[in-house]
Amino acid sequence: VSVIFLNVDSRVVTIAGECHMKNEATTRPTIFYRLMAVSFIAVSFVAFLTGFTKGDLAVRWHEPWVKIHAVTFIAWQFLFLWQTMLIAADRRALHRTFGIALATLAIVMIGIAIQAGLWGFAKNGHPFGALSVLYAAIPHVDMILFTAFVCLALAFRKKSDTHKRLMVLASIALLDAVTGRLPALWRIGPWAHFVVQDAFVVAGITYDWMNFPLVHPAYVWGGL
């Protein structure tokens, strides 16, 4: 897998080989990925709290579907944090074991999203066709991206530099479900919550650039 090399002096983007990321694999893990995981949890906590106090979550909390969605979402974020801590502690064997649990949870979350999409499709009563399928899929774009990133992360699990960035992108994709509930964000505009997700992608790119200086293609293609 090639990476994008950023010449800091001329800001010219050129293609560099896989060997540049080998230095990352041999260095001690930094706190960056743990901070990203904690930030995901913090953003979600504020969004959920806002949803309960000023939104409709308190009313809808009695619905089993809402509870299942919230529990799986929170479980993913804490397991992701735990995985970053295991890598930082060089507990790679245990990291792989918990990786199976995380992959299983991802399958459950994808299944929940599919069922929610089918339920929404049936509830709206649109006649079957390309347009109706599109209407059903648009609210679940975040889960479509999540599925793609998780599948790619599993495929590249032996390439740690690619694997961990894809897992970060998968976690960022999930934030679409909560960032819209962040306080005061709706005042900026209907699409303002995407700024939060983009900020996390920019943080990953900035980290790569400042430390290697490299921007991994996972961020280049996945961040689009």
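Modeller: Read along the sequence, the pattern is β-β-α-α-α-α-α-α-α-α-α-α-β-α. Keep in mind that this is a predicted model. The secondary structure comes to eleven helices and three strands.

Colleague: How much of the protein is buried, and what makes a residue count as buried?

Modeller: Buried residues make up 38% of the 224 residues. The label means under 20% relative accessible area.

Colleague: Give me a worked case. Why is Ala 88 called buried?

Modeller: Ala 88 has 16% relative accessibility, and the cut-off is under 20%, so Ala 88 counts as buried. Ala 88 is found in helix H4, residues 64-88. In space, Ala 88 and Thr 30 are 7.3 Å apart, C-alpha to C-alpha, though 58 residues separate them in sequence.

Colleague: And His 95: buried or exposed?

Modeller: Buried, because its relative accessible area is 16%, and that falls under 20%. His 95 sits in helix H5. Leaving aside neighbours within four places in sequence, His 95 is in contact with Gln 83, Leu 86, Ile 87 and His 163.

Colleague: How many salt bridges are there?

Modeller: A search of the whole structure finds two.

Colleague: What makes Asp 90 and Arg 92 a salt bridge?

Modeller: The N to O distance between their side chains is 3.1 Å. The limit is within 4 Å, so the pair qualifies. Asp 90 has 54% relative accessibility, which is over 50%, so Asp 90 counts as exposed. Arg 92, at 37%, falls between 20% and 50% and therefore counts as partly exposed.

Colleague: Which residues touch the most other members of the largest nonpolar core?

Modeller: Phe 40, Trp 76, Phe 146, Val 168 and Phe 200, out of 48 residues in that core. The elements giving two or more residues to this core are H2 (32-54), H4, H5 (92-124), H7 (141-155), H8, H10 and H11 (217-222). H2 supplies the largest share, nine residues.

Colleague: What does Phe 40 touch?

Modeller: Not counting residues up to four places away in sequence, Phe 40 touches Gln 77, Phe 80, Val 168, Ser 171, Ile 172, Leu 175 and Phe 200.

Colleague: Now the outside. Which residues form a nonpolar patch on the surface?

Modeller: Phe 45, Val 46 and Leu 49, with about 290 Å² of accessible area together.

Colleague: Why is Val 46 called partly exposed?

Modeller: Val 46 has a relative accessible area of 36%, which lies between 20% and 50%, so that is the label. A patch member needs over 30%, so Val 46 passes that test as well. Val 46 lies in helix H2.

Key
Residues are numbered from 1 along each chain as its sequence is written. This is a predicted model: local features need pLDDT of at least 70, side-chain atom pairs count only at pLDDT 80 or more; totals for chains, interfaces and linings use all residues. Side-chain values use heavy atoms; hydrogens and water are left out. Buried means under 20% relative accessible area, exposed over 50%, partly exposed in between (1.4 Å probe, protein chains only). Helices (H or I, at least four residues) and strands (E, at least two) are DSSP runs, numbered from the N terminus. A nonpolar core is a set of buried Ala, Val, Leu, Ile, Met, Phe, Trp, Tyr and Cys residues joined through side-chain atoms within 4.5 Å. Contact means heavy atoms within 4.5 Å. Patches are made of residues with over 30% relative accessible area and no salt bridge: like charges are joined within 9 Å, nonpolar side chains (Val, Leu, Ile, Met, Phe, Trp, Tyr) within 5 Å. Accessible areas come from the Shrake-Rupley method with a 1.4 Å probe; for residues, only the protein chains shown count as cover.
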